Amino acid sequence: MRQFHSLLLFLSLFTLSVATSDYHEQLLLTPLHPSLLLASFNFQSNTTVNSFEQQNFRNFPRSLGQILQHANTRELHLRFSLGRWDAESWGARPWGGAREGGTGVELWAWVEAETDEEADGRWLTLTNALSGLFCASLNFIDSTRTTRPVMSFQPSGDHKNSSWDNLHLLHGTLPREVVCTENLTPFLKLLPCKGKAGISSLLDGHKLFDASWQSMSIDVRPVCSAGSNDCQLQITQTIDMVLDIQRSKRPRDNPIPRPVPNEELRCDASKPYHSEDTCFPLDTAAQEEGWTLSQIFGHPLKGACPLATDGIDPVCINVPHARQVFASEGSHEHLDPNGFMRCFQLDPEKELEMILPQQEITEKAPLEQPLLYAERSFIGYGQERGGVQAILTNPSPTKAVDFVYMESLPWFMKLYLHTLKAKINGLDTHKDVIQEMYYRPALDRKRGTQLEVRILIPANSTVVLTYDFEKAILRYTEYPPDANRGFDVAPAVITIGNVSIRTTSLLLPLPTPDFSMPYNVIILTSTVMALSFGFVFNLLVRRFVAVDEADQWDVRAVRLKIAALIKAKLKRFRNAEKAEKRE
Amino acid sequence: MSIDRRKATLFGAAAAVRILLFTSFPGLPELLTARVEISTPVTSFKRLQEGLFLYNHNVSPYDGGVYHQAPLLLPLFSLLPSSATYPAFTYLLYILVDLLSAIALINIAESGEAVSSKLFTSPRKGKRWSSFAIAAAFLFNPFTIATCIGRPTSVFTTCAILHAISKAVQGNSFTAMFALSFAAYLSMYPILLFPPLALLCYDRRKPLKNPELMYSFVIGNAVAVGGSLYSLLHMSSLITGSWEFLSSTYGVQLLLPDLTPNVGLWWYFFIEMFDSFRNFFLGVFWIHLSSYVAGLTIRLRRQPLFVLTLLLGIFAIFKPYPSISDTSLFLAMLPLYRHVFPLMRYTFLASSTILYATLLGPAFYYLWIYAGSGNANFFYAITLVWSLGLSLLTSDALFAVLRDELEVERPEMKGKEIRQI
């Protein structure tokens with residue numbers, strides 16, 4: 001993958017020199033072990049800042065440009081990702097991880113605003129507008145999912161010093177979002193050739209979202225040539241995916257994998273137990289899988305995009321020169337003399353088909369070793385509390401690695417920072433490892449936890465970072481419909497200079513109440529309270545009397561007494577009347 | 001002298017039991033700290049550690065959702081060596097607080113206020129337990145011991161309340177009011193104890209030549225409580241640098257944003273409550289809790305100490321974040337009324353209900369949270385039983401005391417069956 005970087009360097013030099021050329025695109029194919037193919041699509045267009053401000057868009061997508069102007073956004077990074085990059089067998093990430101996001105959707109932007117409140121308002125505008133543009137739930141990036149990273153993210157564009165003080169970095173993630181075809185369609189619409197011609201014609205939702213790992217990215221940044229005021233706005237769109245070649249080769253009408261017939265099995269006959277009915281599969285590392293472009297992507301490439309006029313070869317493949325590659329007529333092959341790269345120039349009118357036959361070859365394109373291996377998982381059991389463990393390994397035998405580890409956790413995961421421990425190679429030597437820390441605790445229902453730790457790992461060492469947390473129990477209306485699935489926790493972001501690495505997202509199960517019985521709970525609790533209230537106030541307001549006295553004070557007795565009294569009065573009254581008559 | 005030696009033996013034994021539990025089971029403090037029956041969001045020792053860590057690293061602990069305890073605890077615990085490296089100092093502090101509470105309880109018991117107050121003397125006054133026995137019942141109560149090992153900060157509130165009462169029975173009203181303010185400062189709900197406590201001070205004050213009127217006495221004490229509360233709060237704002245701790249400590253008790261399960265009735269009710277009615281029911285629950293104060297204070301004017309005892313029992317059931325520490329305080333005060341125990345009607349039922357809930361509560365919690373074979377209703381049901389058992393006990397004690405009062409008014413009623421009208 002070193003060739004890859006040299007290619008990038010070459011490309012960036014090229015863009016600087018040919019600033020007038022507005023658009024270029026390139027596809028790089030890299031076979032990975034075992035029988036996988038990394039396809040990196042890169043689309044880049046420029047516009048001058050002046051024409052952007054005058055709403056004169058050419059290759060820059062108008063829909064996105066107007067949103068950026070409306071939300072005063074100076075730099076934007078949007079990511080849609082799925083799957084896990086297997087660094088152990090696939091090596092370093094494409095683009096050094098710079099064009100990649102955590103599982104789900106990730107968005108970060110530099111917004112120009114006078115105050116924090118104004119920045120929050122513009123961020124809200126931005127997320128809502130992008131939500132509509134990309135058919136994603138970006139409008140759910142609310143204050144609990146937004147952080148303002150301090151150490152982790154640096155702007156990649158050139159910003160004027162005057163406006164720098166008013167730029168606010170905001171970062172939001174949606175780890176639960178399922179990236180799908182509905183996000184690819186608006187993505188393709190932003191491209192000048194709209195997926196009709198050029199390398200973007202290979203992009204197909206069926207294949208892209210069937211990949212073992214995929215990442216779509218959009219970056220908008222201002223680029224200024226040194227020493228002049230002449231600035232350009234650059235939009236870079238990339239799609240990287242790791243496709244399983246065997247899986248892609250299955251016929252679409254009959255996709256169920258079937259066991260290889262007995263006679264086609266390639267067995268290692270040197271094993272002592274090898275026999276008619278026992279087979280140890282032969283090591284196929286030297287065996288290169290055969291594939292064609294239309295097998296992998298469903299159809300061949302539909303000619304070059306006529307707008308890409310900078311003369312860069314649009315399709316490259318990173319294989320040893322000994323590997324046979326047959327391209328269809330009309331294309332010109334260029335071999336890179338000092339490496340494993342070969343590129344193809346296309347005929348705009350003709351389709352490109354590329355065939356790599358099955359081949360026995362021991363030479364491999366070398367894999368670049370990543371700077372750091374990172375994995376993160378939950379520890380502990382039960383739905384009350386747990387822990388997080390991040391295993392960070394520096395594979396380099398000579399160089400120490402210095403990086404920032406950033407976590408943005410949901411508020412219902414109550415982090416205990418005093419339990420944060422770093423063990424290096426199994427020993428507690430915490431102070432040398434953790435160099436600097438930024439911590440912003442969560443507030444219930446208002447914001448999430450933000451933790452940034454600067455860590456230094458010496459050569460050839462492993463650091464295990466652990467901390468405890470408590471799982472909050474939520475109000476029953478705050479659970480999603482599938483409450484027992486758990487809640488997704490955004491990946492940790494590791495920044496090593498320009499290289500970034502993301503861990504996988506985590507699934508956090510929370511304790512759940514019984515959703516079926518709000519009425520029952522209200523009634524039962526109220527009953528207990530009423531009973532207790534009744535016990536106490538019944539004793540307080542009523543008087544005690546002896547049981548035998550109680551009859552006198554009975555209501556009936558009182559009624560009888562009153563009746564007797566009235567009778568007596570009436571009698572006396574009648575007697576008085578009689579006496580009067582007698583007189 | 002022999003009494004003092006007995007007391008020393010008692011305190012020594014109580015301290016020894018706790019030290020033994022702390023040292024011979026090193027996992028026990030952590031285990032009990034994590035129990036929801038002992039640690040609540042407003043008293044948990046683990047949250048105190050977190051607050052302390054943030055405070056020592058210049059992050060405001062109140063700008064977060066974890067620490068909801070009083071600010072003065074932070075400098076107090078920062079003075080102690082870290083509990084992670086030298087846990088012994090923390091253990092000793094908590095043992096000391098328990099012993100101080102026991103001393104206050106002994107003072108209350110020795111005053112004899114429970115059997116014979118200024119306005120009322122029980123006909124059964126010979127039948128009381130000695131102060132030694134009452135202190136032993138407090139110190140060896142499994143709830144008290146579990147609380148001490150679990151180290152919630154509610155033990156400081158318990159100690160402050162007991163000292164407020166003990167100073168009140170000694171007629172030392174200003175100190176009593178200060179202790180009450182401190183308790184209220186730590187956990188807010190003890191402020192509701194002010195009316196009976198002021199009456200207790202009034203009854204027990206030293207005879208003066210010109211006795212003050214009750215109203216001016218109560219108003220004077222209210223001013224004392226207000227003044228000391230204000231100075232405590234002001235001190236806290238100086239320590240933390242702002243007033244934001246108010247919403248994070250008292251606001252949490254009033255509005256219940258943290259719904260961590262506990263032995264009380266509030267958490268599940270407000271998990272299941274419809275959003276539009278949440279504020280209404282928060283108001284209802286608080287009014288319900290404070291409604292007992294006026295009723296009991298007026299009806300039992302002659303025995304303010306019993307009003308305090310009963311209110312502590314009611315708070316242990318109905319306050320927002322109750323724990324067994326509150327129950328242990330109520331059970332510490334209840335033996336003062338040993339002389340009315342024969343008049344109680346449901347002692348067996350109430351005590352077996354409480355025992356049943358004590359044993360099944362942890363089991364049901366385990367089934368819900370860890371085993372996954374039960375759901376939240378299991379633990380909720382057991383908290384209902386627990387609350388019912390405790391309310392049976394409090395109301396039965398109230399019945400016994402009222403019956404006792406009746407026999408003073410009408411001595412011929414002794415031993416006869418009675419009815420309420």
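At what angle do helix 9 and helix 10 of chain B pack? About 165 degrees, with their axes 10 Å apart. Axes here are lines fitted to C-alpha atoms, for helices over the stretch in contact, and angles run from 0 to 180 degrees between N-to-C directions.

Before more detail, some ground rules. This is a predicted model: local features need pLDDT of at least 70, side-chain atom pairs count only at pLDDT 80 or more, and totals for chains, interfaces and linings use all residues. Residues are numbered from 1 along each chain as its sequence is written, with chains lettered from A and ligands numbered from 1 in the order in which they are written.

Back to the helices (H or I, at least four residues; strands are E, at least two; both are DSSP runs, numbered from the N terminus). Helix 9 covers residues 173-187 and helix 10 covers 194-204. The angle makes helix 9 of chain B roughly antiparallel to helix 10 of chain B, a label for angles over 145 degrees. Helix 9 contributes S173(B), A176(B) and L180(B) to the contact; helix 10 contributes F194(B), L197(B) and C201(B). Contact means C-beta atoms, placed from the backbone, within 7 Å.

Now the contact between the chains. Chain A puts in 48 residues and chain B 51. On the chain A side, helix 12 (518-541) gives the most, with 15 residues. Strand 20, strand 29 and helix 13 of chain A each supply at least two.

Last, the strands. Strand 29 of chain A and strand 1 of chain B (residues 418-420) run antiparallel, joined by three bridges. Pairing takes at least two bridges found by DSSP. A546(A) stands opposite I418(B).

Note on methods: Angles under 35 degrees count as roughly parallel, over 145 as roughly antiparallel, 65 to 115 as roughly perpendicular and the rest as oblique. Two residues are in contact if their C-beta atoms, placed from the backbone, lie within 7 Å.
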